[in-house]
Every structure is written in structure tokens, then in C-alpha cells.
Amino acid sequence: MRVVIVTESFPPDVNGVAHCALQTARHLVERGHAPVVVAPATAAGDGTDVLAPCPVVRIPSLPLPGYPQVRVALPSRRVAAAIAAHRADIVHLASPFVLGVRGMAAAGRLGIPAVAVYQTDLAGYARTYMGAGEATAWRRIRSVHAAADLTLAPSGAALRDLEAHGVPRVRLWPRGVDTDRFRPSHRDDGLRRELAPGGEPIVGYVGRLAPEKQVELLAGACSLDGVRLVVVGDGPSLPGLGQALPGAVFLGRRTGGELARIFASLDVFVHTGPYETFCQTVQEAMASGVPVVAPAAGGPLDLVAHGRTGLLVPPRDATAVRDAVRALVADPGIRAEYGAEARRAVEGRTWAAVGDQLIGHYTDVLARRPVVAA
């Protein structure tokens, strides 16, 4: 199968869209298919994609004003040219918004089926950054995804949102997790001594530091006696968080084996953002054998079994976050029990397993397309 993956983000970017696009490309290659990735150009320029699993076509881009870590592709004929040159059987649109819309239009003109993967809660972002605009965002989402042969939602909450807002042909496709990289055996006592010299329980957040993540909700947990808060990530909210979370350890962006050691060395993982369509870091914490505190909204509802693998709290409630952290920190036995159950819950959610599900979705879409006589 010849697949063109048009994605709004791709490594070296560090975010859920980029990571999922990379894992999708890898799996397709491993299964004998032929993918090509189309993505915005990076600030680093040439040489970025030497380790990519397949060819990557970069589209000229500019940094998003106020958030330079995000780049937006400029209008370009390269998208349609890449799809045509690859003789694609199907076009995969990863979180289509700007570049993906052009990919959708090109696929339509060329008569190639398109699968759109919903990954970003644009309506939630509109509410966060503009204080309004949700209705406009949903009109945009609906118009983009209605043009696809199939939309794939990463969680039950996302699927219900899409259907409630009139998006047709929606099916569930969750995300995988690298259960070899993220595992309890990577717990590092030396790292724990560096992060918490007094032997304090370590509570961690991993993710982008941006307004929609609402990391400031960790202030109450940060102030608990005998608790060390560790924050991993980068983004525009970093300067303000230094003041909001006094005493926290900010490690910046970490990846690979280093990130896996950090995850496994935590005692509690906390996610605060209420707009997650899936929440990959929650799944990585669970694979690392760490109990999770997360908002009872969006993707975490599918991932965290309240009272079994962690605790779900009301969204945007700093007091609830603090109280959940306090309860877990106070009971090592419950932490161990929840962490072990969290690991068991995700052991079957490998990228290979969900990658095969994706290929099944592709096959279904192609089977429904009428055969055009030569």
C-alpha cells in the first residue's frame, strides 16, 4: 500500500501529532508498505530527516507568532505534487488544520481516498487563547473532516464530540505506547537522589508548557510538605510557571531513554490539561508503572481507571489535584498497587497493535471505494 502522511508536525518536533505520525510511518515500513511524509519545514533546515523511516517532503513554513516551537506551513504546490508523484493509494491526514486541508483538497482532486486523524481539540484551544470562537472552530473541524472518507478519533470522548458536532463517518483509533522503552525497570535511584536529595516522593508533569495545559494547577501540590515537583517540557508558559510553582525542578525538554528514566523514577504522575483528545504522557506514565492523577475529561477517561490505576479529578480544580496527590503520596501501598495495575492495563497497547488497526481502517476505506475501469 502506498500511503502519503500529511502531518502538521513531525520530528524533531516533540508533541503528540509528531510522535504519532512517526510511529505510523515506522509501522507501515515494518509491515512492507510504502509511506511518504509531508510536513512543515523545521527551523533546523536540511539534515533533519536523516533518521526518518521513509522519505520526508518538507513544506516551507513560518513560526506561529507567540509560540515559535510550532511552525505553520505556507501555501505550496509541493503537497499535491508529492501525493501525485508517490502514486498514493490513500492519504493519511494527521490532525488536519492548515497543511492537512491542502492535503485533503489535493486528494480530492486526484480521486484518492483520505483518512483524517483527529488529534487536537481546536475548540478548546480557541476557548483558551481567544476566550471565544468555539463555534467557529467546530465549523472548521466539521468542514475539514466531512470531506474525508473516514475520521479516526483517539478516544471515546473525542468520538462523541465529533459525532455531536455533525462529523460523519467516525471510528475509534487509539494510540500506542512503547512498552519496552517505558517500563518500571528503568527506575533510577541515582536520578531520584538528584531530583529529591531529601528522599521526598517525586510528583511529575511531562508535556508542553502552554496555556491550554494549565500546569499552574499544580501549585497546590507543589506546596505540599515533603513533596518534590518535577516539570519536564518547554513552551511559552515556562517563565510564568517558574513563579507559580516555587520549589519545582524544571528539567526542560527530555526525550528517549532519559525521558523513560524520569517517568519510571516518579512516584505520581499528574496531568492537568482539560483538552486532551488522548493524552500520550498519561499512557507513558502507566507503562512506567506510575499511578496517574488526571482530569476527568477527554482522553484520560479512556486511560485512567479511577481507584485502580490512578485518580480522576474535576477539570480545572487545583484543590482536587492537590488532594489527589496528597492521598497517593501518603500511601505507598496504594501507589504500588495502582502503578502495577497501570502497567498491566497498557501492556497490550503497543504501536504494532494499533498500527495494524490503522491498516485495517485503510483497507476498509479502500474496499468501499468504487473500482474505476481502466
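Guide: Let us begin with a term: contact means heavy atoms within 4.5 Å. This is a predicted model, in which local features need pLDDT of at least 70 and side-chain atom pairs count only at pLDDT 80 or more, while totals for chains, interfaces and linings use all residues. Residues are numbered from 1 along each chain as its sequence is written, and side-chain values use heavy atoms, with hydrogens and water left out.

Visitor: Which residues is Phe263 in contact with, leaving aside its neighbours within four places in sequence?

Guide: With those neighbours left aside, Phe263 is in contact with Phe182, Val206, Phe269, Thr281, Glu284, Ala285, Ser288 and Val290.

Visitor: Why does Leu259 count as buried?

Guide: Buried means under 20% relative accessible area, exposed over 50% and partly exposed in between, with a 1.4 Å probe and protein chains only. Leu259 has a relative accessibility of 11%, and therefore it counts as buried. Leu259 is found in helix H10, where helices (H or I, at least four residues) and strands (E, at least two) are DSSP runs numbered from the N terminus. The buried residues of helix H10 (residues 256-264) are Leu259, Ala260, Ile262, Phe263 and Ala264, and they pack against elements including helix H7 (189-195), strand S10 (202-206) and helix H11 (280-287).

Visitor: What makes a nonpolar core, and which residues touch the most other members of the largest one?

Guide: A nonpolar core is a set of buried Ala, Val, Leu, Ile, Met, Phe, Trp, Tyr and Cys residues joined through side-chain atoms within 4.5 Å. The largest has 31 residues, of which Phe263, Phe269, Val282 and Val292 touch the most other members. A second, separate core of 26 residues includes Val203, Leu218, Cys222 and Val268.

Visitor: Why is helix H1 called roughly perpendicular to helix H15?

Guide: Angles run from 0 to 180 degrees between N-to-C directions, and axes are lines fitted to C-alpha atoms, for helices over the stretch in contact. Under 35 degrees counts as roughly parallel, over 145 as roughly antiparallel, 65 to 115 as roughly perpendicular and the rest as oblique. Helix H1 (residues 16-30) and helix H15 (residues 351-368) pack at about 80 degrees, with their axes 10 Å apart, so H1 is roughly perpendicular to H15.

Visitor: What makes strands S3 and S9 the edge strands of their sheet?

Guide: Two strands pair if DSSP finds at least two bridges between them. The open sheet of seven strands runs S3-S2-S1-S6-S7-S8-S9, with parallel pairing, and strand S3 (56-59) and strand S9 (170-172) each pair on one side only. Strand S2 (residues 34-40) and S3 pair over four bridges.
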